Amino acid sequence: MVKVVKFGGSSLASAEQFRKVGDIIRADAKRRYVVPSAPGKRHKNDTKVTDMLYSCYALAEAGDEENMKPALRKIRARYNEIMNGLKLKMTLDDEFKIIEENFRKKAGIDYAASRGEYLNGIIMANYLGFDFIDAAEVIRFDRNGDFDAETTNQILRERLKKSERAVIPGFYGAKENGAVVTFSRGGSDITGSIVAKACKADLYENWTDVSGFLIADPRIIKDPKGIKVITYKELRELSYMGATVLHEDAIFPVRKEGIPINIKNTNAPEDHGTYIVESTCQKPEYTITGIAGKKGFVAVNIEKDMMNSEIGFGRKVLAAFEENDISFEHTPSGIDTFTVFVHQEEFEGKEQSVLSALHRLAEPDSIDLEADLALIAVVGRGMKSTRGTAGRIFSALAHANVNVKMIDQGSSELNIIIGVHNDDFENAIKAIYDIFVETQL
């Protein structure tokens with residue numbers, strides 16, 4: 001069995017955190033490939049190393065040699081603190097000489113940002129006694145700077161065959177000419193997923209500072225319950241509606257290979273965490289898996305007699321939004337009504353142009369706008385086999401004096417989308433959480 005383990009910046013922010021990570025890796029011989037992030041914040045008012053590198057490179061680009069050198073020394077001090085704390089007999093002097101030289105040569109912002117992971121990878125490999133594999137040698141981007149999955153998989157798979165245990169820094173790769181390129185979002189998570197695919201891992205463990213995903217936002221619900229198992233489809237629904245989860249690019253490589261992901265807590269390694277799987281026959285603990293939502297939507301309500309018999313009416317309506325480069329979220333409809341939910345911030349500056357296009361293309365009887373709305377997604381594979389889920393939601397919201405503006409359920413019965421006023425957003429989530437999790441009526 002092979003496990004790929006990725007550790008986030010908070011897990012590697014200090015020597016103390018490094019020791020925790022070392023204990024976790026050594027506790028399981030199956031944890032053979034490690035993907036580290038750059039050092040994160042040690043405390044609330046601290047600065048991430050990646051942000052320090054961005055600032056330092058900006059000084060280099062501006063030709064501010066006087067301030068660039070002290071900024072680089074501060075970054076060096078962060079790594080020296082970690083190495084000294086781990087009592088490692090190593091130095092990064094040569095590496096920092098190269099970095100300073102490349103900063104002067106203006107090697108690029110991606111190169112600068114990637115050095116945090118690169119240096120942390122060298123330290124991690126030395127600390128564990130693992131091989132170090134520079135991601136620039138095995139993670140390939142094409143000439144346009146787009147990730148080349150096929151070439152990467154071939155190169156990385158062959159390279160990993162030569163290493164029983166290795167550290168591969170996250171967040172970056174390189175073009176064929178050696179120019180460093182970083183992933184735009186969730187970089188180290190993506191690298192971990194790519195490595196898991198290449199070595200055909202049995203499990204991809206993603207270690208962070210939380211014990212997996214929660215059923216609801218802890219800023220709204222006090223101490224919400226955790227999610228033990230979630231499917232990729234459920235995760236997609238929750239992330240689409242604003243839940244803070246793994247970026248899609250970090251999920252796709254392992255999802256395609258059927259490799260499960262386990263989100264774990266570096267500071268509480270004994271916690272179960274959350275398993276992300278393709279499918280499962282395990283009955284969920286609650287009818288719902290999670291609740292997520294966003295504020296700031298506008299409902300564009302279009303009315304037209306006999307619209308249901310007019311071929312192409314929906315296309316004409318949506319074309320008005322397409323003309324103005326506005327994407328839509330949901331389109332609930334009735335016999336003579338058609339509603340389009342769009343982001344308010346995106347819509348406000350173009351509303352008159354959209355209304356004009358709607359009249360020109362769809363010739364409606366009337367158009368009404370309703371702003372300051374929120375959308376809430378109630379997601380769960382358990383809803384399909386449970387009667388009365390929508391009724392329970394309505395009952396809970398009515399009891400909380402929340403007026404429902406829209407309800408939409410997909411054919412998969414995996415989620416129910418509810419529209420409410422922005423002011424009712426928090427109360428609505430509390431009411432839904434209470435009836436499905438706290439009281440479980």
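This is a predicted model: local features need pLDDT of at least 70, side-chain atom pairs count only at pLDDT 80 or more; totals for chains, interfaces and linings use all residues.

User: Which strands form the open sheet with mixed pairing, and in what order?

Analyst: Eight strands form that sheet, in the order E3-E4-E2-E1-E7-E9-E10-E8. Helices (H or I, at least four residues) and strands (E, at least two) are DSSP runs, numbered from the N terminus. Two strands pair if DSSP finds at least two bridges between them.

User: Which strands stand at the edges?

Analyst: Strand E3 (131–132) and strand E8 (229–231) do. Each has a single partner strand, so one side of each is left without a neighbour in the sheet.

User: How does E9 pair with E7 and E10?

Analyst: E7 (residues 203–208) and E9 pair in the parallel sense over five bridges, and threonine 208 stands opposite asparagine 265 in E9. E9 and E10 (residues 274–277) run antiparallel and are joined by three bridges. There, asparagine 262 stands opposite tyrosine 275 in E10.

User: Is E9 mostly covered or mostly open?

Analyst: Mostly covered: five of its five residues (261–265) are buried, meaning under 20% relative accessible area with a 1.4 Å probe, protein chains only; exposed is over 50%, and partly exposed is in between.

User: Which way do the E9 residues point?

Analyst: Ile261, Ile263 and Asn265 point one way, and Asn262 and Lys264 the other. In a regular strand the side chains alternate between the two faces of the sheet.

User: New topic. Where is glutamate 234?

Analyst: Glutamate 234 is in helix H9 (residues 232–240). H9 lies across E8, E9 and E10, at about 80° to E8. For such angles, axes are lines fitted to C-alpha atoms, for helices over the stretch in contact, and the angles run from 0 to 180 degrees between N-to-C directions.

User: Is glutamate 234 buried or exposed?

Analyst: Buried, because its relative accessible area is 0%.

User: What does its side chain reach?

Analyst: The side chain of glutamate 234 reaches the backbone nitrogen of threonine 231 at 2.9 Å. Leaving aside neighbours within four places in sequence, glutamate 234 is in contact (heavy atoms within 4.5 Å) with Thr289, Val379, Gly380, Arg381 and Leu414.

User: What about the six-strand sheet?

Analyst: The order of that open sheet is E12-E13-E11-E14-E16-E15, with antiparallel pairing. Its edge strands are E12 (328–330) and E15 (406–409), each pairing on one side only. E11 (residues 290–303) is joined to E13 (residues 337–343) by seven bridges, and phenylalanine 297 stands opposite histidine 343 in E13.

User: Which strands does helix H11 lie across?

Analyst: H11 (residues 313–323) lies across E11, E12 and E13, at about 25° to E13.

User: Last one: how many residues are in the largest nonpolar core?

Analyst: The largest nonpolar core has 120 residues, and Phe103 and Ile123 have the most contacts inside it. A nonpolar core is a set of buried Ala, Val, Leu, Ile, Met, Phe, Trp, Tyr and Cys residues joined through side-chain atoms within 4.5 Å. Helix H5 (residues 109–128) gives the largest share of this core, 10 residues.

Notes
Residues are numbered from 1 along each chain as its sequence is written. Side-chain values use heavy atoms; hydrogens and water are left out. A polar contact is a pair of N or O atoms within 3.5 Å; within protein, one must be able to donate a hydrogen and the other to accept it, and residues adjacent in sequence count only if both atoms are side-chain atoms.
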